[in-house]
Amino acid sequence: MTQSSGLSGTPPSGRAGDLGMRILSAAVLAPVVLGAVWFGGWAFVALAALASAILVSEWSGISRSRYVDAAVVIGATAAAVAVIGFAGGFVLAAFLVLVAGAGLAQAKARSDGPASGLWFGVLYGGLPGIALVALRSDPGFGLTAVIWLLVLVWATDIGGYVFGRLIGGPKLAPRLSPKKTWAGFIGGLVAAVGASWLFFRIAGLGIAAPIWLAGLLSIVSQLGDLGESAFKRRHDVKDSSRLIPGHGGLMDRIDGLVVVAVLAAAFGILRSGPDAAGAGLLVW
């Protein structure tokens with residue numbers, strides 16, 4: 001099968017006529033996402049598993065022009081099951097399912113034609129879902145940790161856009177993403193650090209995570225955005241899909257969060273273990 005009509009390849013976006021649809025989509029999706037983050041538990045796990053499966057599909061759609069076929073079903077199912085299994089306490093099994101699913105999806109894609117690194121797309125979808133679930137599952141600091149990451153990524157995006165538009169100047173990586181500038185890069189970094197400091201104060205966390213960590217995660221977020229832009233540019237695709245009206249695909253919206261979540265969870269788990277990943281990220 002080739003790409004489905006609901007997830008087709010390169011829709012035009014960003015036009016003035018799309019503004020109303022963008023606002024409507026955001027108004028519908030934002031409460032769903034924030035509600036799942038707030039309530040946590042299996043509501044959040046279900047959202048993370050669904051997002052993981054969609055990311056696998058979009059990766060395949062960009063690189064193989066196939067959003068739904070047997071290989072994608074294998075990979076997306078493996079990513080979603082891995083997230084759910086991790087949430088259920090089957091940590092080792094979750095990673096085994098993810099790795100096995102990546103291998104099986106790659107083999108099936110290769111038998112049908114060019115595989116185009118589908119195995120990496122499965123990991124790209126599954127690992128962030130596991131990471132976010134690991135952070136949110138911390139009973140003491142999980143909610144705060146996930147909200148902080150959202151604030152940090154949003155501040156990075158907004159700061160980068162505003163500074164880039166107002167100041168302009170030298171391009172950051174013109175061959176990969178012609179619109180991104182050094183002013184936007186620095187603006188995103190400054191905005192993320194400032195928003196993080198303010199968030200910690202409002203949340204009553206004192207100094208909480210060090211400012212250098214906010215800066216590092218902001219840089220990682222921008223590298224994730226740049227990497228996704230380069231990936232789409234390589235395959236001559238503008239948006240990762242048409243999943244979100246007026247906004248493109250899920251990957252277009254969370255490309256920074258994908259890599260930030262994995263790094264943040266790694267920090268938290270290494271410092272405090274898988275049951276207190278949020279505390280490991282925030283309490284220094």
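Predicted model: local features only at pLDDT ≥ 70, side-chain atom pairs only at ≥ 80, totals over all residues.
In what handedness of crossing does helix 2 pass helix 9? The legends below start there.

View 1. Residues are numbered from 1 along each chain as its sequence is written, and side-chain values use heavy atoms, leaving out hydrogens and water. The crossing of helix 2 past helix 9 is left-handed (near helix turned anticlockwise from the far one by less than a right angle; clockwise would be right-handed). Helices here are DSSP runs of H or I with at least four residues, numbered from the N terminus. The axes of helix 2 (residues 41-64) and helix 9 cross at roughly 110 degrees and come within 11 Å (axes are lines fitted to C-alpha atoms over the stretch in contact, with angles from 0 to 180 degrees between N-to-C directions). That makes helix 2 roughly perpendicular to helix 9 (65 to 115 degrees; under 35 is roughly parallel, over 145 roughly antiparallel, and the rest oblique). On the helix 2 side, look for A51, I54, L55, E58, W59 and I62; on helix 9, for L250, M251, I254 and V258 (contact means heavy atoms within 4.5 Å). By class, that contact has 9 nonpolar, no polar and 1 charged residues (Ala, Val, Leu, Ile, Met, Phe, Trp, Tyr, Cys and Pro are nonpolar, Asp, Glu, Lys and Arg charged, the others, Gly among them, polar).

**View 2. Helix 7 on helix 8.** With axes 9 Å apart, helix 7 (residues 182-202) and helix 8 pack at about 140 degrees. The two are therefore oblique to each other, and their crossing is right-handed. Helix 7 brings G184, F185, G188, L189, A192, V193, S196 and W197, and helix 8 answers with I211, A214, G215, S218, I219 and Q222.

**View 3. Helix 6 on helix 8.** Here helix 6 (residues 142-167) packs with helix 8 (residues 211-234) at about 60 degrees, axes 10 Å apart. That makes helix 6 oblique to helix 8. The crossing is right-handed. W148, L149, L152, V153 and T156 of helix 6 meet L213, A214, L217, S218, S221 and Q222 of helix 8.

**View 4. The second largest pocket.** About 160 Å³ of space lies in this pocket (an open set of points on a 1 Å grid over the protein atoms alone, where a 1.4 Å probe fits, with protein on both sides within 12 Å along at least five of seven lines; lining residues have an atom within 4 Å of a point). Its lining is W59, F120, Y124, G224, G227, E228, F231, M251, D255 and V259. Helix 8 gives the largest share, 4 residues. By class, the lining has 6 nonpolar, 2 polar and 2 charged residues.

Note on methods. Points joined across faces, edges and corners; volume = space filled by probe spheres on them.
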